Amino acid sequence: MKKIITLVSCLISFSCLFSRGWKGDDTIAFRDSLMRKVEHLPADTSRLSVLLDAAYLHQNPPYNVFFAKCLYEEARKQQNIYYENLGAYYLAVCYDKKHDLDSITLWVDELQELASKIGKYDYYLEQKAAISRVLASKKMNEKAAFVAKEVLKEAQERKSNNGIVAAYNSLGCTYAAFNRSDEALAALLKGYRACKKTTKLSLRIDILSRLSSRYADIVSGLPSKDPDRVKRDSVLFYLEKMEGLLKEVLSKEPKTVNNWRDVMVDCQTRYVRYYMHHKDYSKTAEFLEKAKNLLTPEVDSVYWLNIQLMELQYYARIQEYDKGIALIDQVAPFVERGHIDVFETLIFYKGTSIN
């Protein structure tokens, strides 16, 4: 059972284990249809603005790299540095999600050059901070911390609020990766306190997510019958703030919903973790259902798997072992194709359930 709990806690740090459930023909048809419309537009900002909308609205596979690259290349042809900077930014975002260190470094170098020309450094600093997280995911912890501190110093010099928040966010993530929990929490709190109403929403949401996770880790190490009330309440405080911002952004820009689905699922599974720890199983079931209702092909499969493993824990807690075994039989074929270590853990759990 401990192996399952550890796996669930760490699972979000994995890169995507499975391919997304896209229909190739539909994807190509949509992409080609939009590009035919673009080609009939004048080769000026009217064309660039349509490509920017496409890159902004489709920040997940299978469209994200394609539209970001089209935006960047068209901007280069038109020698429009403003849109070129945006294209480079969205390409960096694509490779950040893939944890592709070489590619994101290449695009951050491009963003740095563009920033020096246009005098705006937010996109460059945000994505340079992302390099720190990619380094941490590859266990290059000291280098990750160095990069985050470098971003923080530069952001402070440039008076870039988004850069400062991004730097603290990455520093907190990096410290957490090598078990410096107190420093991780301190960095994240500094980042949260640095947030303003003008701070980019995605940065505010991300730092709230990490804060709720940090406090959840602290609470999980306390006795469930008598946890520290301040720390317990902090989990819900930051989760509710996170959920509130998600509702705000979706009410303003409903067309961006697919860009936020991973984060929306992540938010609901954090509630699941909280209520399961406190043995409130009716609430656990409620938030599991909310998380499952958010699943679409746009959701990264690692979040899908996290829901399955949390549901597996839930069945074990309420002693519904038959349902747990049935769920393992459904999940195991997908896991076996994606990551054998996870598959072995599921088989181990199934064996202990039967016994």
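Helices (H or I, at least four residues) and strands (E, at least two) are DSSP runs, numbered from the N terminus. I jot that down before looking up charged pairs.

**Before I start.** I am working with a predicted model, where local features need pLDDT of at least 70 and side-chain atom pairs count only at pLDDT 80 or more, while totals for chains, interfaces and linings use all residues. Residues are numbered from 1 along each chain as its sequence is written, and side-chain values use heavy atoms, with hydrogens and water left out.

**Entry 1.** How many salt bridges does a search of the whole structure find? I get 18. I count a salt bridge when a side-chain nitrogen of Lys or Arg is within 4 Å of a carboxyl oxygen of Asp or Glu.

**Entry 2.** I looked up Glu286 and Lys290, whose side chains form a salt bridge at 3.5 Å, N to O. Why are they separated by about one helical turn? Because they sit 4 residues apart in helix H14 (residues 281–293). I find Glu286 partly exposed at 33% relative accessibility (buried means under 20% relative accessible area, exposed over 50%, partly exposed in between, with a 1.4 Å probe and protein chains only). Lys290 is partly exposed too, at 34%.

**Entry 3.** I also noted a network: salt bridges with shared partners join Lys128, Glu150 and Glu154.

**Entry 4.** Next came Asp217 and Arg273, which meet in a salt bridge at 2.4 Å, N to O. This pair links distant parts of the chain, 56 residues apart: Asp217 lies in helix H11 (residues 201–220) and Arg273 in helix H13 (residues 257–277). I read 25% relative accessible area for Asp217, partly exposed, and 22% for Arg273, also partly exposed.
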